[in-house]
Amino acid sequence: MDIRTIGIVGAGQMGNGIAHVCALAGYDVVMSDISQDALNNALALIDTNLGRQVGRGKITEDEKAATLDRIRTTLRLADLGPTDLIIEAATERETVKTAIFEDLLPHLKPETILTSNTSSISITRLASRTDRPERFMGFHFMNPVPVMQLVELIRGIATDEPTFAACKSVVDRLGKTAATAEDFPAFIVNRILMPMINEAVYTLYEGVGSVESIDQSMKLGANHPMGPLELADFIGLDTCLAIMNVLHDGLADTKYRPCPLLTKYVEAGWLGRKTDRGFYDYRGEVPVPTR
C-alpha cells in the first residue's frame, strides 16, 4: 500500500514530534487532540523545532514553510478517517487507547492501517479490539522524535506482511532505522532501559547514593549522555511507572517490581520535567536534586 496521508492521535510530546517528521518527509498530516490549546502549542513547538533545523542548515526556509503547510489539525477524531495510516500517540493507558480505536473504526477506509506508539502495551491485545487486527501494529518512536533515529516496529500475532512492509517503508522515508521487535511487554528498548532506571531509583531509595552521585556515576563511569534519574524526569515518572507495571504484570518476575520511591513520586504528582519537579526541581534557573 502506498502511504500518502498520515493521521496522528494526540498532540503531546510524542504526537507533535511524529507530525513534524512525517510532514517534513512529505506526508500530508492530520493531527487530532481533544484540546485546542494542545493543538496550538504543538504547532508552535513544531515551528520552533523546524526553525532550529533551518538555523543548523539541515533544511531551508522553503522546506520549513512547506512542512507546516502539510499539517492540518482537528478536534474531531472522525477527520482522521480518510488517512492511509493512523499513528495513535495518546497517553500510555490501555483503556484510553482502546476507546480511541473504537471511536475511530466507523470512520476508517477498509485499507487504513492502524498503529500505536505505545512503549509497552500488548499490540495483539490492542489489535483484537479493532476490526482489522491484520492491519494493526506497533509503531514506537523514541523521544525526542525529530532527533532520535530508531523506530521499533512491533507485529501483533495477526499482523500481515503487507502491513509491516508499508510501515517499514514509512520509517525508511523518514530517514530513520527500524528495529523489529516481538510483541512482548515493553518490546526491546524499554525492556532494557526501564529496569535500569528502576534500579537507579532503588539505589537512591536504599541510600547507596544521592541523585547527583547516581547520575554523575553513570555519565562519567558508563559514558551515558544523561544520568538515569535525569532521563526518568525527561521521560516522565508516570510513564516509567506505567511501563514497569506492564513488565511486572506481563512477565510475573519480581525483578521488575517498581521501586516504592518511584510510586511515591508519581503519587505526589512529581512527574519530572513536565510538572517542574521529579528527581530534580526545575523551578529555578538550574535543576536542583530533590533528594
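Predicted model: local features only at pLDDT ≥ 70, side-chain atom pairs only at ≥ 80, totals over all residues.
Where does proline 144 lie? Proline 144 is found in the loop between β6 and β7, where helices (H or I, at least four residues) and strands (E, at least two) are DSSP runs, numbered from the N terminus. A cis peptide bond links asparagine 143 to proline 144, with omega at about 0°. I shall return to the strands on either side of that loop.

Residues are numbered from 1 along each chain as its sequence is written, and side-chain values use heavy atoms, with hydrogens and water left out.

Let us begin with the protein as a whole. The protein contains eleven helices and ten strands. Its radius of gyration is 19 Å, close to the 19 Å that the globule rule gives for 291 residues, so the protein is as compact as a globular protein of that length. Here the radius of gyration is taken over C-alpha atoms, and the globule rule is 2.2 Å times the number of residues to the power 0.38. Along the principal axes, the C-alpha atoms fill a box of roughly 55 × 45 × 30 Å. Of the 291 residues, 47% count as buried; buried means under 20% relative accessible area, exposed over 50%, and partly exposed in between, with a 1.4 Å probe and protein chains only. Among contacts between residues at least 6 apart in sequence, 65% join residues at least 24 apart, a contact being heavy atoms within 4.5 Å.

I turn now to the sheet. Strands of a sheet pair through backbone hydrogen bonds, either parallel or antiparallel.

Consider next strand β2 (residues 28–32), in which four of the five residues are buried. On one side, β2 pairs with β1 (residues 5–9) in the parallel sense over five bridges, and threonine 5 stands opposite aspartate 28. β2 is also joined by four bridges to β3 (residues 71–74), again in parallel, with serine 32 and threonine 74 as bridge partners. Together, β1, helix α1 (residues 13–24) and β2 make a right-handed β-α-β unit. Right-handed means that, with the strands pointing away from the viewer, the path from the first strand over the helix to the second runs clockwise.

One of the pairs is valine 151 with alanine 178 in β8.

What lies in the interior? In soluble globular proteins, nonpolar side chains tend to be buried together. A nonpolar core is a set of buried Ala, Val, Leu, Ile, Met, Phe, Trp, Tyr and Cys residues joined through side-chain atoms within 4.5 Å. The largest has 37 residues, of which Ile6, Leu85, Phe139 and Phe141 touch the most other members. Helix α1 gives the most to this core, with six residues. A second, separate core of 26 residues includes Ala186, Tyr202, Leu229 and Leu231.

Alanine 186 belongs to the loop between β8 and α7 (189–205) and is buried, with a relative accessible area of 0%. Its phi is near 75°, a positive value in a residue other than glycine. Phenylalanine 187, in the loop between β8 and α7, also has a positive phi, of about 60°.

Finally, methionine 244 in helix α10 (residues 237–251) counts as buried, at 1% relative accessibility. Its C-alpha atom is separated by 5.8 Å from that of proline 258, 14 residues apart along the chain.

How values were computed. Pairing = 2+ DSSP bridges.
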